[in-house]
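Here's a friendly walk through a structure that may be new to you. Have a look at it first, and then we'll go through some of its features.

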Amino acid sequence: MSTVAAIEPRHVSGQRLRERLFRSSTLAAALLVLLLLGGVALSLLLGAWPALKHFKLGFLTREVWNPVTDQYGALAPVYGTLVTSALALLLAIPVSFGIAIFLTELAPAWLKRPVGVAIELLAAVPSIIYGIWGLFVLAPVLQQHVQPWLINGLGPLPLIGKLFQGPPFGIGVLTASFVLAIMVIPFISAVMRDVFETVPDVLKESGYGLGATTWEVIWQVVVPYARTGIIGGIMLGLGRALGETMAVTFVIGNAHRIGSSLLAPGTTISASIANEFAEAVGDLYTSSLIALGALLFLITFTVIAAARLLLLRLDRRALSSV
Amino acid sequence: MSRRALRSLTNAGALALSGLATAIGLFFLGAILWTLVKNGVGGMSAQVFSAMTPPPGSSGGLLNAIYGSVAMTVIGIAIGGPVGMLAGTYLAEYGRHSRLSTVIRFVNDVLLSAPSIIIGLFVYQLLVVRMGHFSAIAGAVALAIIAMPVTVRTTEDMLLLVPQGMKDASTAMGAYPWRTILSVIYPAARSGVVTGLLLAVARISGETAPLLFTALNNQFWSSNLGAPMANLPVVIFQFALSPYPNWQQLAWSGALLITASILVLSIAARIIVSSLGPGGRR
């Protein structure tokens, strides 16, 4: 027995050492996640500093963007980012809601999975593919069939008419919003579907027991119960739309100006960076583009953080698809 | 119309609209795939896989771009995958209930949805500026940073599915946690974790924005990680927006190639997950 007693302590101390090593490497990897976010924020701030120092708050309020005179203002890209995202949500929310209802309440069991997977695959398609499709397929269709109709039908109206005036370019703010809407539908509908599924059957059955129709149960039982999750899902979609780059770059037209018409070309923060960054000469130009990036980071971080906080209460595993 | 008829009419209308919404979603998936097949298949030839990206007007292929994409994706997942798995292991095992883990989970979820172009800017500042030039390794690091949060999330979720009884059994036999994790938990969660890695590969292999100013592009063959490297997404971007028909054709072929690979990966991952059964294990 003396051999065992002699070996055991060494064996145990080796185990302890490996335990400590393994544990600290997992901890280090986990801390790297925090470090990454901090590093991203810090590097953007440092890169943006020269531009912010030079233009002060004027950077946020000016529309001018002129590499020749070295004058830069973020207003046009910020406006474009917010308008395209808002418009995309306007189009995407009803469709996503419908898809989520179809998948949770309506579809027969055999249809649920294939349709659900197909919608999820829409999220797997890379954004550059949306871009090339948007430019070569969607934009011509909108230009020839939809935009003339909008210009003739809505253009003469008071107030909103202004949004639909001008020549049908095909590419522009409206087209970008349309592509964005298709891209965020799978994200929003996946979250909505998951939160609808957390509604206890007992609640729905009580509704049916009182004689409610399927729609009445959905609108008066499911939706109120899932309200927080629905808003969280929409904000998650908004976060996607705000930061989406390649698809928008293809179809928005890349004009640094604020047009009153939705049919006119514009730009977004991410599209400006994607288009100009690799070719930007001069420190102020580069720094201004990084400052745009910092602005985008701030906006998306706020939206995504809010969305995640709203969704935090829900079962994490139910939301693993996003 | 009676109130009752109105209610059932509203019901039918609403449900029909939800069916219509689903049809709209499916229509766009179909439309995109159809466009890719229609425009991409014609240009598919052996040359696409054997020749370099051509100058405007002459014929060529995508070999250097395919190589670059594969190389950067492999390096990206080779860095981001293991680090993500370790971090996921911490969240699921060592720090499951700690306050730190709650914060890390939250930050990871934020990174998961963060715009990829921001990651590109970060790596540009971190590596490209320091090195003084664009490089494939910078592109790979950008992809790794995008792959990591995906892996963290799926690893944690999959490890949590391993029954506590198995862990307890291992602990009762005197195993230290590291031994339990390596010899019991990882094998039990293997297919789930592999699925997570597949999804991460699918996610990064189509990323364009973070490569635009890290790996840039290269018209020629290059296997030098310290130099700019061609890659499919950036080549598609450049060629699709060019006025040259042969470049546009190659862009469509590349688009078809990349989408087909990603859809195959995504579907394979889902098949593995569903074969795990409702309990999530083999």
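A salt bridge here is a side-chain nitrogen of Lys or Arg within 4 Å of a carboxyl oxygen of Asp or Glu. Keep in mind that what you're looking at is a predicted model.

## Salt bridges

Let's start with the charged pairs. Over all chains, the count comes to ten salt bridges. In one of them, the side chains of A:Asp194 and A:Arg193 meet, at 3.5 Å from N to O. Both A:Asp194 and A:Arg193 are buried.

Chain B has a pair of its own to look at: B:Asp109 bridges to B:Arg153, with 2.8 Å between the closest N and O atoms. This one ties together distant parts of the chain, since B:Asp109 sits in helix 4 (residues 99-113) of chain B and B:Arg153 in helix 6 (residues 136-160) of chain B, 44 residues apart. Again, B:Asp109 and B:Arg153 are both buried.

## Across the two chains

Now for where the chains meet. Here, 81 residues of chain B are in contact with 85 residues of chain A. About 7,600 Å² is buried between chain B and chain A, and carbon and sulfur atoms give 77% of that area.

How many salt bridges are there between chain B and chain A? The count is two. One salt bridge to find is A:Glu120 with B:Arg270, whose closest N and O atoms are 2.8 Å apart.

Is A:Glu120 buried or exposed? It counts as buried, because its relative accessibility is 18% and the cut-off for buried is under 20%. Through shared partners, salt bridges join A:Glu120, A:Arg193, A:Asp194 and B:Arg270 into one network.

## A covered helix

Next, find helix 12 of chain A, residues 283-312. This helix has 30 residues and reaches 41 Å from its first C-alpha to its last, close to the 44 Å expected at 1.5 Å a residue. Helix 12 of chain A is mostly covered, with 21 of its 30 residues buried.

## A nonpolar patch

Finally, the surface. A:Leu157, A:Leu159, A:Ile160 and A:Leu163 form a nonpolar patch there, and together they have about 390 Å² of accessible area.

Where is A:Ile160 found? Look in the loop between helix 5 (127-154) and helix 6 (173-196) of chain A. A:Ile160 has a relative accessible area of 40%, so it is partly exposed.

How values were computed:
Residues numbered from 1 in each chain as written. Chains lettered and ligands numbered in written order. Predicted model: local features only at pLDDT ≥ 70, side-chain atom pairs only at ≥ 80, totals over all residues. Heavy atoms only, no water. Patch = residues over 30% accessible without salt bridge, like charges linked within 9 Å, V, L, I, M, F, W, Y side chains within 5 Å. Areas by Shrake-Rupley, 256 points an atom, 1.4 Å probe, with all protein chains shown as cover. Helix = DSSP H or I, 4+ residues; strand = E, 2+ residues; numbered from the N terminus. Buried < 20%, exposed > 50% of the residue type's maximum accessible area, 1.4 Å probe, protein only. Expected span 1.5 Å × (residues − 1). Contact = heavy atoms within 4.5 Å. Buried area = accessible area lost by both parts, 1.4 Å probe.
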